Amino acid sequence: MRDRTSARWHVGTTILFLLVTAGCDRVFPKDHIIALEGAALIDGAGGAPKPDALIIIRNGHIATVTRVNEIPIPKGAERINVVGKTIIPGLIDAHAHVERWAAGRYIAWGVTTVRDLHGGTDTVLALRNAMNLGSITGPRMFTAGAMIDGVPPTYANATGVATADQARRAVDQHAVAGVDYLKVYTKITPALLRPLLDEADKLRLPVAAHLGRTDALSAARAGVVSIEHMSGVVQAATGDPSYAVAHNSFLAGWTTEEKGWAGLDSGAVARTARALAQTKVTIVPTLVVHEMLSRLDNPILLARPGMEDVPNNAESVRSVPSLLRRTGWRAGDFAAFRRSRQRQDQFVREYKRAGGAIAAGSDAANQLLIPGYSLHEEMTLLVAAGLTPLEAITAATRRGAQLLHADSLGMIAQGKVADLVVLNGNPAENIAATRNIALVMIRGRVIRPDSLRATWK
Ligand SMILES: [Zn+2]
């Protein structure tokens, strides 16, 4: 009898113990620790790769960055041997137009953060929230919502403003909707830009600019934080007001300006780069856009590597024929665009030499621009323009984080978010090595690109 009671008590306490510890497991999950052992580390700060790195990741953050054998591996850590590989911070696409299908593609190509610069406000905010909460596997997303343009706006889902009051109201409405920053577009004049920047400053919203009616120097001095596509630079370099006039129509503006680069003399390019660098504005050159538009008549680009990740129904990337119809561009136009490329490259080089900040952006998923992949193409073009591979990597990591005021991103250091990419080769020797990805980590979660690809193939 006594034994039975005791046995019952014992079973009871055991069950109680199991229940309590099971409960504890849910409330206090065990630390999730990963040790990446032996890779060369490019940490995003701009320095040379550090050999034999040991990176300890604890619960989605970087706990320790040191050398192998400097400290013992914490007990219970998942150990990943990455000897012979190179680790870079998770890539940041500083100019994107994110579509839902593309979410996984960004991750597969190592892009763990995107700076979205226009979409219908409701659509992009919903997508941002879904990705940031983790209900869609995709990069961390920041967004401008709908861009703010003059009237009539170039795109139907943009916000058009005609007066200073409307410009201020558009800023207020975007702030209430919950955007992370603002994007102004080509028809915004200096008279509209001033009140818009004043209102944005009160609400602490940075303003990114794709310029047309306003030249780059005026916009940078007025306080925009970034200039997209190097827009407004030709006008600033020439002082020729006909460029602003051409931007009454988006297509005429783009075509005129894109051809205008070729006519710039190298002294004017250097002077403009130095003057712009003094304003501290960040340039997001999107060389890959200029390159693709200058070769839009080449059908091979629709079959280049990377395109296999783009679904057949992804109109935004694949609709080259309709763009050709809309623009009416012919062989002579493409030849003129190609002549401009060397001046654009010179501007990037001079901007870097003057100490200006350059961030890498792709403009995907616009025509021929592949979400994720085209950021690697941009890095390659930045190197061709005169950046070192390490500078190109900084442009695609640290500079993007600085532009987003996202202090915990863009670098591999203690306390930062564990967003990183493990490469099979060494991009400091050859920038193309950024495309050869072994694994991607976002918020400390390991993702193998091949297994991700299997979910959409
Ligand atoms: Zn864009």
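The domain bounds used here come from an automatic or database domain assignment. With that in mind, let's walk through this predicted model, starting from its overall layout. The protein chain is divided into domain 1 (30-88 + 410-457) and domain 2 (91-406). Taken over C-alpha atoms, the centres of domain 1 and domain 2 are separated by 30 Å.

How do these two parts meet? On one side, 24 residues of domain 1 are in contact with 22 residues of domain 2. If you want to find this surface on domain 1, look for β17 (437-442) and α18 (449-454), the elements that give two or more residues to the side touching domain 2. Sorted by class, that side of domain 1 has 16 nonpolar, five polar and three charged residues.

The largest nonpolar core has 134 residues, and the members touching the most others are I55, I87, V184, V207, I227, L382 and A392. Helix α15 (residues 373-385) gives the most to this core, with seven residues. Because domain 1 and domain 2 both give residues to this core, it lies between them. To see one of its members up close, pick I87: leaving aside neighbours within four places in sequence, I87 is in contact with L36, A39, L41, I42, A53, I55, V82, I412, L420 and V422.

Next, take a look at helix α10 (residues 266-278). Its 13 residues reach 19 Å from the first C-alpha to the last, close to the 18 Å expected at 1.5 Å a residue. Which residues of α10 are buried? They are V269, T272, A273 and L276. These four cover an arc of only 105° around the axis, so they sit on the same side of α10. The general rule behind such a pattern is that an α-helix has 3.6 residues a turn, so residues three or four places apart point the same way. The buried residues of α10 pack against α6 (216-222), α7 (233-238) and α14 (331-353). After α10 comes K280, whose phi is positive, near 70°.

As background, most residues other than glycine have a negative phi, and most peptide bonds are trans. M230 is not a glycine, yet has a positive phi of about 60°. You will find M230 in the loop between β13 (226-228) and α7 (233-238). Is M230 buried or exposed? With 25 other C-beta atoms within 10 Å, M230 is buried, because the cut-off for a buried residue is 20 or more.

T286 is found in the loop between β14 (282-284) and α11 (287-293), and T286 is buried, with 27 other C-beta atoms within 10 Å.

Finally, turn to the peptide bonds. The bond from V151 to P152 is cis, with omega near -15°, and P152 has its place in the loop between β9 (148-149) and β10 (159-160). A cis peptide bond also joins A364 and A365, where omega is about 10°.

Conventions. Residues numbered from 1 in each chain as written. Predicted model: local features only at pLDDT ≥ 70, side-chain atom pairs only at ≥ 80, totals over all residues. Core = buried A, V, L, I, M, F, W, Y, C linked by C-beta atoms within 7 Å. Buried ≥ 20, exposed ≤ 12 C-beta atoms within 10 Å, placed from the backbone. Contact = placed C-beta atoms within 7 Å. Nonpolar A, V, L, I, M, F, W, Y, C, P; charged D, E, K, R; others polar. Expected span 1.5 Å × (residues − 1). Arc of directions from axis to C-beta.
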